[in-house]
Amino acid sequence: MKRLLLLVAISGFFIPSFSRQDSAYPKKIYTTAEVEVPPVIDGVLNDESWEKVPWGGNFQMYDPYDDRPASQDTKFKVVIDHENIYVAFRAFDTAPDSIVRRLTRRDDMDGDFVAFQFDSYHDLQTAFTFVASAAGSKMDFYMTNDGQGEDLTWNPIWWVEARIDDQGWTMEAKIPFSQLRFDRSSGGVWGFQMARIIFRNNETSLWQPMSKESPGFVHLMGELHGLENIDPKKQAEITPYGIAGSRWFEEDPENPFMADGKERTINGGLDAKIGLTNNFTLDMTVNPDFGQVEADPSQVNLTAYETFFEEQRPFFIEGKNIFDYDLAVHSMNNLFYSRRIGRRPHHYPDLGNGEYASVPQFTSILGAAKITGKTKDGLSVGIMESVTSGEKAEIDHNGDRRFETVEPLTNYFASRVSKEFQKGNTIVGGMVTSTNRFNDEEHLDYLHSSAISGGIDFQQYFADRSYVLSLSTYMSQVRGSEEALIRTQRSPVHFFQRPDADYVTLDSSRTSLAGYGGSLQFTKQSGRLNFGTFLYFNSPGLELNDIGFLNASDEILEIFYLNYRFNEPFSIFRSMSLNMSQYSAWDFGGRHQLIGLNLNGFAQFMNLWNAGIFGKAGSDITSNSILRGGPAMRLPGDYSLNGFISSSSRKKLIAEMEANYSRGREDSRTSYGVELDLTYKPISNLSISLYPNFSYRKSQLQYVTQQHFENEERYIFGSIDQKTLSMSLRLDLIITPELTVQFWGQPFIASGDYSDFKYITDPIAENFTDRFHSYTSDEIEYFEDDQLYRINESASLLVYEFGNPDFNVKEFLSNLVFRWEYRPGSFIYLVWSQTRSGYNPYGEFRFGDDFTDMWDIHPTNAIMLKVSYRIGR
């Protein structure tokens with residue numbers, strides 16, 4: 001939320017709103033000229049080459065008002081030579097001492113800044129965007145779909161310098177033509193826009209005036225002329241790298257793989273970026289290493305479903321938007337989930353007495369390549385191919401070594417294509433993915449041998465892009481052994497073994513499974529009042545998790561939302577939005593599972609503080625998954641209330657508090673949480689952030705296990721008191737925009753205390769308490785030495801047992817990264833990381849003892865040096 005608020009609060013220029021139709025502003029034109037001697041990029045506008053072109057100016061305010069002159073004057077110039085385009089800004093300021101100059105890492109803009117955009121295809125849909133701050137920091141992104149999409153992962157090579165003087169501040173930039181995409185057919189005309197953000201006022205002004213209520217952005221930009229004689233350039237970069245590292249961990253004299261408590265690694269690889277044409281680029285990597293990437297945050301997952309983690313690896317982040325095929329709005333479900341590539345191995349060896357194993361933590365990526373680009377005619381293409389190695393665990397038994405495969409050699413493929421028609425008002429696209437495993441090990445027969453998925457999508461804009469109709473359909477098929485398909489059918493995504501689901505059948509002879517899904521969306525995105533209606537469906541057989549992400553199939557979801565926005569200041573408010581949404585869900589058997597209503601509002605105040613409140617109320621839920629393969633169960637509905645308030649991001653100390661409360665009917669469950677986000681910037685190049693978070697959850701129904709008793713299934717649950725406390729600390733020291741030091745650390749404590757164990761008797765009974773039976777003291781006995789519960793329901797000798805599910809988890813993750821871009825595109829990383837992990841089978845939450853015990857856990861430390869050198873232009 002904080003990053004979104006930053007982008008919205010700093011500038012509507014980044015996230016344009018789509019509202020009132022207004023194209024009354026005539027297109028402005030700026031004509032550039034070619035120079036023989038290029039300007040020196042030092043932030044001082046004294047080069048003779050700048051004299052060849054006139055100043056552009058007359059900026060108009062865009063935010064908070066879009067019909068007033070800018071409060072400060074801004075001028076610019078643009079010149080070119082055969083290799084580069086050069087931009088100069090003169091940002092006048094009547095109070096130069098009020099200019100906010102803050103050094104930041106790339107793509108994390110802060111303070112006063114300017115931005116410039118080139119629609120070099122001149123397709124009125126896409127724009128390459130460059131942002132430079134008064135401190136000389138850089139940000140860049142690629143805007144698509146007339147401003148509705150933004151790819152912040154695009155990182156071109158370019159240069160910028162900025163200076164503050166008694167008139168305001170100045171900026172000079174150089175962008176190689178090889179970093180842009182264009183062809184000669186544009187007639188020497190590009191779409192063009194300039195923007196300035198005055199940080200202290202939160203004011204955005206534009207060279208080409210626009211209304212915040214215009215439906216679209218790129219097609220309303222001005223024009224840059226004088227580019228008739230430039231030739232497209234092909235990008236060609238090769239970046240070899242080398243790595244040296246060491247890891248220290250607790251010694252275990254009995255384990256030959258951990259006897260000395262240390263290991264060392266030396267490795268190397270190659271990255272390349274090659275322009276196949278001016279419009280299409282080949283990115284490839286051989287033996288990549290991502291040791292500089294931050295660890296995933298700690299979590300405790302008590303559900304049956306997989307946790308979604310964001311992609312952080314540079315090769316897969318850059319240009320990832322083109323591979324997106326979202327299955328639903330505000331959902332992680334997607335045909336392509338790049339974290340599958342290089343994942344943790346599926347298998348772990350079954351060790352005998354006296355055996356020890358060294359198992360790879362991740363699957364090695366032998367190589368990966370992708371081709372991405374877009375033609376002037378609106379054809380966008382993304383193709384990715386990756387191969388991961390077969391991984392083996394090394395197993396020792398009294399000095400004898402053997403190897404066991406834990407992950408087979410695997411090929412991953414993804415391809416995404418879309419074509420724009422009628423100036424982007426019609427878009428037709430498609431996607432195909434595949435996974436192929438080359439497995440000859442019997443113990444890995446539970447994995448799919450192959451998986452394919454594909455989809456077709458369509459978008460049609462109406463009434464000057466005020467309305468949009470979106471359609472999509474997709475399918476999947478997986479193949480494998482009978483064992484693999486039984487495992488798939490019984491997985492939490494499907495639960496085909498449910499006894500009350502007469503529309504699906506668990507087929508033990510199946511060697512393939514196919515499924516399908518789709519969506520229908522119609523939205524209005526013009527005017528202050530917007531609405532949308534959505535229908536999504538996933539058939540029971542849909543399976544995407546070999547290369548995609550899908551938490552659950554067998555669902556039909558309907559959503560309707562209504563939104564009203566106040567775009568201009570009034571009373572104490574700078575802006576405000578109010579939203580209502582309604583949703584319902586069914587399964588493919590026709591069972592209505594839930595209906596709910598959301599109400600929320602967001603406001604920014606005149607003092608630049610922000611606040612929001614979100615309320616939800618839901619009906620009883622019929623869950624097909626809570627019994628994890630058992631029949632559907634009726635759960636009481638709930639209501640929740642969330643809210644946040646944040647101070648102005650223009651201050652040295654920024655604070656935000658978020659709180660949430662949820663309660664189930666019939667006292668079935670309660671949860672609440674509080675999170676603080678505190679950021680302090682004592683000087684312009686240092687940021688210290690602290691994120692303490694506490695959550696509490698109490699539920700009468702937490703799944704424990706399943707037992708077979710007297711020809712019946714026992715679905716055993718317990719009441720749980722769960723507490724989680726974490727606190728992330730982040731320090732960013734920006735020595736220069738190219739030289740940074742970053743620290744991140746997170747202590748994490750979580751506990752779960754189970755009580756009142758019960759089994760389900762009638763899952764759809766009218767009264768909540770009639771749906772289960774709580775074990776009496778005569779029926780349940782706890783054996784502390786064995787950490788075991790023994791159940792005897794009757795006078796018979798038949799008993800069953802289950803382990804104590806209580807838990808107490810303590811973990812500390814941290815890393816320190818020194819990053820130096822010693823020449824454009826060439827980096828040195830020095831990384832230190834530490835991990836401490838501990839587990840105890842007791843459910844008490846004792847902050848003092850738990851926090852102290854965390855530091856008694858033996859740490860695993862690692863240090864890595866990575867050096868890369870970019871060759872090319």
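Predicted model: local features only at pLDDT ≥ 70, side-chain atom pairs only at ≥ 80, totals over all residues.
Strand S6, which spans residues 113-119, is mostly covered, and 7 of its 7 residues are buried. In a regular strand, side chains alternate between the two faces of the sheet. In S6, one direction is taken by Phe 113, Ala 115, Gln 117 and Asp 119, while Val 114, Phe 116 and Phe 118 point the other way, and all of these residues are buried. Strand S6 has antiparallel pairing with strand S7 (residues 127-133), over 6 bridges. Within that pairing, Val 114 has Ala 132 of S7 as its bridge partner. Strand S6 is also joined by 7 bridges to strand S12 (residues 190-198), again in the antiparallel sense. Here Asp 119 is found opposite Gly 191 of S12.

A further set of strands forms an open sheet of 3 strands, in the order S18-S21-S22, with antiparallel pairing. Strands S18 (355-358) and S22 (400-407) stand at the edges; each has a single partner strand, so one side of each is left without a neighbour in the sheet. From one strand to the next, the twist averages 30 degrees. The pairing of S18 with strand S21 (residues 391-397) is antiparallel and comprises 4 bridges. In this pairing, Ala 357 has Ile 395 of S21 as its bridge partner.

Antiparallel pairing also links strands S24, S25 and S26. Strand S24 (residues 426-438) pairs with strand S25 (residues 450-462) over 11 bridges in the antiparallel sense, and Thr 426 stands opposite Gln 460 of S25. Strand S25 is in turn joined to strand S26 (residues 467-479) by 13 bridges, and these two strands run antiparallel. Gln 460 has Leu 469 as its bridge partner in S26. Strands S25 and S26 form a hairpin with 4 residues between them, and Ala 463 in the turn has a positive phi of about 50 degrees.

Glu 318 is located in the loop between helix H2 (314-317) and S18. Its relative accessibility is 23%, so Glu 318 counts as partly exposed. Glu 318 and Trp 154 are separated by 164 residues in sequence, yet their C-alpha atoms are 5.6 Å apart in space. When neighbours within four places in sequence are left aside, Glu 318 is in contact with Thr 153, Trp 154, Asn 155, Lys 273 and Lys 370. The second residue, Thr 622, lies in strand S33 (residues 621-623). Thr 622 counts as buried because its relative accessibility is 16%, and buried means under 20%. Apart from neighbours within four places in sequence, the contacts of Thr 622 are Arg 591, His 592, Gln 593, Ala 632, Met 633 and Arg 634.

Side chains of opposite charge can pair when their charged atoms come close. The whole structure contains 36 salt bridges. One of them joins Arg 90 and Asp 165, with an N to O distance of 2.8 Å. Arg 90 belongs to strand S5 (residues 84-92) and Asp 165 to strand S10 (residues 159-165), so this pair ties together parts that are 75 residues apart in sequence. Arg 90 counts as buried, at 11% relative accessibility, whereas Asp 165 is partly exposed, at 27%.

Another salt bridge connects the side chains of Asp 500 and Arg 591 at 3.4 Å, N to O. Asp 500 lies in the loop between helix H3 (482-490) and strand S27 (512-524), and Arg 591 in the loop between strand S30 (573-586) and S31; the pair therefore ties together parts that are 91 residues apart in sequence. Asp 500 is partly exposed at 29% relative accessibility, and Arg 591 is partly exposed at 28%. Arg 663 and Asp 667 also meet in a salt bridge, at 3.1 Å from N to O. Both are partly exposed, with a relative accessible area of 28% for Arg 663 and 46% for Asp 667.

Trp 609 is placed in the loop between strand S31 (592-605) and strand S32 (610-618), and counts as partly exposed at 37% relative accessibility.

Notes
Residues numbered from 1 in each chain as written. Heavy atoms only, no water. Pairing = 2+ DSSP bridges. Axes fitted to C-alpha atoms, helices over the stretch in contact; angles between N-to-C directions. Buried < 20%, exposed > 50% of the residue type's maximum accessible area, 1.4 Å probe, protein only. Contact = heavy atoms within 4.5 Å. Salt bridge = Lys/Arg side-chain N within 4 Å of Asp/Glu carboxyl O.
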